Amino acid sequence: MTPTTIDGVTIRIMRPEDYPQVKAYMEVEYYTAEPLSQASGEPVHLQNEEINDALYQSIIAEGTSLLALDENDGGRIVGLVLACAIYPDNVNEGALNLKLENLEDNAWGRIYHLVMKAKREVNLFERYDIPKALYSDVTSVASWKRGKGLGSRLAATLMDLGRSNGFPLMMAFCTSFYSARQKEALGMECIYSIDYADYKDDEGRVIFTPAAPHTKLRVMAIKL
């Protein structure tokens, strides 16, 4: 993929050596804005840190993640997408074959449980009869760059990258109302959702209570 620059912001494929800067960016810009992490009040970026590092580094190594860099600010990261391939034989295993019962009871673990439930129940490969899909795991735009179309540009660039790599479909998990709305505007459809108010622990307590308008996890998909 050839890097593209619009209004001083370049989008290019993320490289393994970018990870230290990516990690620092996510601590400040992603975990403070992602609704479930934000609502937990916990330092999610510090939870299961070694597992999280290994997960994101393995995703970046696939060459399907994107960085947005501000050329007018020394190449500073202003947005990113972490994305990877998923296949029928690994969709239910999740990140690095983690065993759900072994996860600590913290916000990171609870979010992971929710995502794995959605991955199982969406039945992506049975629904579309495809051999693989591009999974958009994390999308983030820096706080001072939001509302300017950069998130849409990142998602559209990822779709183009998916097509050029032979992916028949792209799927994204949206915990944020705004993220889902943005992807819907790009032609993605909601194929599955879980209302946070209905997602409860064994004692009937609601697990996630993010602020409005974030009321559900949505799984969005588009044929490429």
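Which residues of the largest nonpolar core touch the most other members? In this predicted model, local features require pLDDT of at least 70 and side-chain atom pairs count only at pLDDT 80 or more, whereas totals for chains, interfaces and linings use all residues. Residues are numbered from 1 along each chain as its sequence is written, and side-chain values use heavy atoms, with hydrogens and water left out.

A nonpolar core is defined as a set of buried Ala, Val, Leu, Ile, Met, Phe, Trp, Tyr and Cys residues joined through side-chain atoms within 4.5 Å; buried denotes under 20% relative accessible area, exposed over 50%, and partly exposed the range in between (1.4 Å probe, protein chains only). The largest such core comprises 72 residues, and the members touching the most others are Met26, Tyr56, Leu80, Leu82 and Leu124. With contact taken as heavy atoms within 4.5 Å, and residues up to four places away in sequence not counted, the partners of Leu82 include Met14, Met26, Tyr56, Ile59, Ile60 and Tyr135.

Aromatic pairing was assigned to rings of Phe, Tyr and Trp (its six-membered ring) with centres within 6.5 Å; planes under 30 degrees apart count as stacked, over 60 as edge-to-face, and the rest as tilted. Tyr135 belongs to strand E5 (residues 133-141) and Phe173 to strand E6 (residues 169-174), so the pair ties together parts 38 residues apart in sequence. Strands are DSSP runs of E with at least two residues, numbered from the N terminus. Tyr135 is buried at a relative accessible area of 4%, and Phe173 is buried at 10%. The pair of Tyr199 and Phe208 is stacked, with 6.0 Å from centre to centre and 5 degrees between the planes.

A charge is assigned over a ring when NZ of Lys or CZ of Arg is within 6 Å of the ring centre and within 35 degrees of the ring normal. The charged end of Lys132 sits over the ring of Phe167, at 4.5 Å from its centre.

With a disulfide defined as a pair of cysteine sulfur atoms within 2.5 Å, the search of the whole structure returns zero disulfides. For Cys84, the nearest cysteine sulfur is that of Cys174, 15 Å away; Cys84 is buried at 9% relative accessibility. For Cys190, the nearest cysteine sulfur also belongs to Cys174, at 8.5 Å, and Cys190 is partly exposed at 37% relative accessibility.

Methods
Helices (H or I, at least four residues) and strands (E, at least two) are DSSP runs, numbered from the N terminus.
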